[in-house]
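Subject: Structure for your review

Dear colleague,

Please find below the structure that I am handing over to you.

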Amino acid sequence: MIAQKKILIVEDNEINRIMLCGILSSDYQVLQAENGQEALSVLNRYKEEISLILLDIVMPVMDGYTFLSIVKADPAFSSIPVIVTTQNDGESDEVAALSHGAADFVAKPYKPQIILHRVASIINLRETAAMINLVQYDRLTGLYSKEFFYRRAKERILAHPERSYDIICSDIENFKLINDIFGMPAGDRLLRGLADLYTTMVGDKGICGRYNADQFACLLEHRWTYTDDLFIKATQTINSLSSAKNVVMKWGIYAVEDRSVSVEQMCDRALLAARSIKGRYGTYFAAYDDTLRNKLLREQAITNGMESALAQEQFEIYLQPKYCIKDDSLAGAEALVRWNHPEWGMQSPAEFIPLFEKNGFITKLDQFVWDRACAALQSWDEKGYPAISVSVNVSRADIYNADIADILIKTVRKYRLPPSRLHLEITESAYTENPKQIIDTVGRLRELGFVIEMDDFGSGYSSLNMLNQMPLDVLKLDMKFIQVETAKPVNQGILRFIMGLARWMNLSVVAEGVETREQLVRLREIGCDYVQGYYFAKPMPCGEFEALLNERGVALKEEKTDSAWTMGKRVTKMLLVADEDAEYRAQVRKRLDGRYQVVEAADGDTALACMANCEYKLAAVILSMTLKNPDGFSMLEVLQREKTVWNIPVIATGPWDGQLEERALQMGADDFAGKPHSLQSLLKRVQRAVGVNSSWERECALRDEAYRDYLTGLLNRRGLDYAVEALRKEDAPLAVYLFDLDNLKQINDQYGHVEGDQLLVQFGGLLRSYTRATDILARFGGDEFVVIIKQMGMQETALKKGGDICRAMRESSFAKAIPATASAGVAIWNTEDCLDTVIERADEALYQAKTENKGGCRLWKG
Amino acid sequence: MSGLKECLEVYGADYTATMERFMGNEALYLKIFDLFFQDENLQKLSKALQEADFTAAFEAAHTLKGVVGNMGLTPLYEAVCALVEPLRLKERQDEYPVLYQEIEKQYETVKKLYCQLKGGKPA
């Protein structure tokens with residue numbers, strides 16, 4: 001129970017006192033005094049604890065008026081309300097009482113209900129007034145509270161139109177840190193110190209208020225030209241008060257010119273000025289000026305224009321291509337929004353997106369982007385381009401929209417697309433606010449078939465918990481993260497860790513903002529799946545992207561027809577200058593860099609190593625015949641020998657010598673450039689050699705012929721060797737299968753080779769459908785097939801997969817007279833042994849399967 | 001003892017209005033009644049009038065008026081009121097003895113009422 005409020009009854013007549021007690025004592029704690037003198041001593045004892053005084057006027061010793069005058073003159077008591085009890089016999093007493101400062105009067109004979117009501121309402125009134133009084137001042141610092149500061153400042157500004165005023169606000173940059181490290185009491189001390197500083201600084205020339213937590217404001221007559229010195233001194237004073245010696249303060253000044261601006265706005269502007277220098281070392285104050293004003297005006301203009309911009313189709317989507325890192329094929333695009341304003345021109349999303357996020361318009365804009373992206377996808381489908389996907393942004397605000405799933409589904413349906421064509425990029429930061437809601441919403445979207453990408457991964461507070469809980473398909477690594485990451489030595493990087501994590505969680509990884517070749521190399525090394533960035537292509541209008549799709553799409557389609565084996569298109573062609581003359585190399589690099597990525601080699605060994613490393617990425621080699629270790633001719637010999645693999649155009653160089661030229665051409669050089677020659681002519685020769693020799697598509701076709709089994713379209717033995725050479729560390733562990741069609745010979749004999757061939761084609765198709773495009777499938781011999789499945793370390797899983805394939809084969813020929821079954825052996829390959837050894841092991845297991853478990857799969861156990 | 005309501009009404013008091021003032025608490029009313037005869041204002045008034053100290057007389061009469069009014073003793077209240085107003089203005093001084101006698105007379109009636117309430121025993 002709350003302590004009862006105290007009422008003091010001052011009344012000389014005992015009967016009246018008892019009666020008043022009777023009326024009041026059920027609601028209040030009643031104190032009594034027989035006369036004014038006694039009442040004063042009670043007052044001194046209880047002071048402001050007393051909520052109200054009921055006073056009789058006619059009393060001996062000290063009458064009511066005298067008592068009232070004393071009480072009202074003493075600031076300690078003056079706020080205690082006094083109700084005077086009078087006889088109901090004339091207005092004079094009442095008027096006199098009120099003029100002496102009584103709050104109200106009640107007449108005798110007492111009317112209890114009236115007394116109780118008056119007492120309650122007067123106590124209530126006084127408490128409210130006290131509260132207002134309290135709110136006027138900030139309790140901690142004693143400065144005006146924010147609202148009250150506004151009021152006082154406004155009054156002052158209006159009262160003195162002849163004076164010029166400034167509003168100064170300050171913000172402690174690292175106040176939370178100070179509170180955290182030194183504790184709240186230290187923080188409070190600091191704030192009180194700052195309040196004192198303000199009071200001293202302003203003196204009688206203005207007023208001060210505490211604006212917000214660690215923000216203060218003052219209205220000050222304009223006296224000074226503000227200099228760094230002034231604020232440095234102020235900061236020093238503050239630092240001398242605090243145990244924290246590194247309090248960083250920023251001050252903002254607003255010169256009051258237009259007095260019709262509200263004080264709220266003036267303070268906001270001063271604070272905006274202070275905030276504009278946040279984090280800038282050595283800058284102490286800033287004035288709210290035209291730059292800031294323009295920024296605000298511009299934000300306002302953007303806000304005013306956004307709705308009509310959407311209606312007038314000023315927004316447009318741009319697409320940034322996304323490539324598959326393995327073969328550089330076009331894998332999709334991210335849709336980004338651009339604002340083409342009729343007057344302002346192209347607007348930077350970096351400017352308007354944060355604003356739209358703030359004012360909520362982002363939801364509408366996102367929906368627009370979704371719609372446009374789907375429309376583009378549909379139009380490409382109609383033109384017969386490959387069915388790529390497009391990523392679109394889903395903002396934080398969208399997640400909180402209860403209808404988001406409905407809206408997205410309606411959008412894809414409108415354009416007759418499966419949801420999987422639309423990839424939804426969710427930002428990591430969205431997770432931090434309301435994890436449960438975002439997980440639920442995203443989960444529902446994923447169930448509907450949308451592909452979920454975690455955008456900006458690694459840039460914010462990446463939480464492993466979030467990765468664990470969020471239903472995801474793709475991780476998008478933030479470009480900033482990648483830019484920093486690739487600068488570190490390989491081993492220190494956590495990029496590799498993230499890749500491992502992604503692999504483990506079955507997520508694909510897209511690297512965004514790839515800008516340099518080094519980054520690409522790194523990303524390729526660690527096995528990133530997709531890349532996006534200026535190194536490949538900037539975001540482009542839909543039309544341009546369509547052209548790209550048209551060009552690349554053809555390649556994609558061809559790849560599709562021959563499935564598993566795809567070769568990469570060069571990203572930037574490399575040119576190897578193998579020459580003993582450093583100056584010559586430098587000249588070539590200077591002239592041709594940009595068109596080609598020029599790599600240099602000063603001797604034969606370096607050149608060979610480079611060729612082995614770069615293989616088909618090399619556009620051409622400029623080879624000096626006078627090179628050493630080994631010499632140019634030996635180099636040509638090697639190149640010639642490896643022509644089927646490398647097939648790199650060679651431009652031989654050397655002194656003008658007919659014999660030398662002839663010999664070089666004889667040994668396989670594609671051209672000869674006698675020294676000295678102009679670099680322009682060299683460039684022409686390179687271009688010709690590259691052009692004549694091989695376009696990528698032709699290379700591919702040639703390779704295909706040489707490496708493919710004509711019947712099944714799988715790799716032949718040679719192709720298998722080639723593919724195995726291209727295996728990378730992150731592909732391991734591998735499962736190597738050897739399949740054998742059990743009854744092929746019998747079928748061939750009984751039904752003829754056409755039937756047998758069909759069986760082979762059928763099995764080839766079956767293998768394709770049971771493996772990923774990245775796995776290696778080869779027809780090894782007549783009825784033998786080798787399958788290498790990547791990243792398959794679990795023996796049980798490998799065995800099960802083999803069993804699945806065998807069973808599928810069995811079931812497919814169930815109705816035939818001669819069951820066409822396949823048996824298999826599988827061995828896990830950790831890439832330490834050579835392929836032949838592993839195939840032998842698989843063969844052993846196959847033999848076992850054939851004898852014990854025909855039509856099934858066996859695992860080789862060392 | 002007769003009922004308080006009956007006795008008061010026979011005496012000429014407004015029982016309902018009076019008991020409202022005492023929050024319907026008859027015991028409190030009777031307690032106050034006990035105190036009433038200890039109150040010295042009647043004696044003070046009498047003395048002041050004899051000494052022609054009209055200021056003191058007014059104060060005493062004024063206080064008495066409040067008490068009697070609160071107790072709802074209407075006939076006595078009216079008698080006191082008749083004296084208080086001339087006293088406040090210090091006029092019609094020749095009438096004071098008559099007015100005072102009327103107060104004393106009514107005071108006696110109240111005493112009888114009190115005895116009645118206390119079961120016939122004198123105060």
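A residue is called buried when its relative accessible area is under 20%, exposed when the value is over 50%, and partly exposed in between, using a 1.4 Å probe and protein chains only. The model is a predicted one, so local features need pLDDT of at least 70 and side-chain atom pairs count only at pLDDT 80 or more, while totals for chains, interfaces and linings use all residues. Residues are numbered from 1 along each chain as its sequence is written, chains are lettered from A and ligands numbered from 1 in the order in which they are written, and side-chain values use heavy atoms, with hydrogens and water left out.

A:Gln87 belongs to strand 4 (residues 82-87) of chain A; here helices (H or I, at least four residues) and strands (E, at least two) are DSSP runs, numbered from the N terminus. Which residues does A:Gln87 touch, not counting residues up to four places away in sequence? They are A:Lys108, B:His62, B:Thr63, B:Lys65 and B:Gly66, where contact means heavy atoms within 4.5 Å. A:Gln87 and A:Pro109 are 22 residues apart in sequence, and their C-alpha atoms are 7.3 Å apart in space.

The two chains

Chain A has 33 helices and 30 strands, and 51% of its 862 residues count as buried. Among its contacts between residues at least 6 apart in sequence, 67% join residues at least 24 apart. Chain B has seven helices and zero strands. Of the 123 residues in chain B, 48% are buried, and the corresponding share of contacts joining residues at least 24 apart, among those at least 6 apart in sequence, is 63%.

The interface

The contact between the chains takes 22 residues from chain B and 18 residues from chain A. The size of an interface is often given as the accessible area lost when the parts come together. Buried area is used in that sense here: the accessible area (1.4 Å probe) that two parts lose on being put together, summed over both. For chain B and chain A this is about 1,800 Å², of which carbon and sulfur atoms give 62%. On the chain B side, B:Arg21, B:Met23 and B:Asn70 lose the most area to chain A, together 29% of what that side buries.

Nonpolar cores

A nonpolar core is a set of buried Ala, Val, Leu, Ile, Met, Phe, Trp, Tyr and Cys residues joined through side-chain atoms within 4.5 Å. The largest has 80 residues, of which A:Phe315, A:Phe356, A:Trp380, A:Leu475 and A:Phe545 touch the most other members. Helix 13 (residues 362-382) of chain A supplies the largest share of this core, 11 residues. A second, separate core of 65 residues includes A:Leu54, B:Phe58, B:Leu73 and B:Val80.

A sheet in chain A

Five strands of chain A form an open sheet with mixed pairing, in the order 27-28-26-29-30; two strands pair if DSSP finds at least two bridges between them. Strand 27 (776-779) and strand 30 (857-859) of chain A stand at the edges with a single partner strand each, so one side of each is left without a neighbour in the sheet. From one strand to the next the twist averages 20°, with axes being lines fitted to C-alpha atoms, for helices over the stretch in contact, and angles running from 0 to 180 degrees between N-to-C directions. Helix 29 (residues 717-725) of chain A packs on the sheet, touching strand 27, strand 28 and strand 29 (822-829) of chain A, and its direction makes about 155° with that of strand 27 of chain A. Helix 33 (residues 835-852) of chain A also packs on the sheet, touching strand 26, strand 28, strand 29 and strand 30 of chain A, at about 140° to the direction of strand 29 of chain A.

Backbone details

The peptide bond from A:Asn629 to A:Pro630 is cis, with omega near -15°. A:Asn629, in the loop between strand 23 and helix 25 of chain A, has a positive phi of about 50° although it is not a glycine, and counts as exposed at 55% relative accessibility.

With kind regards
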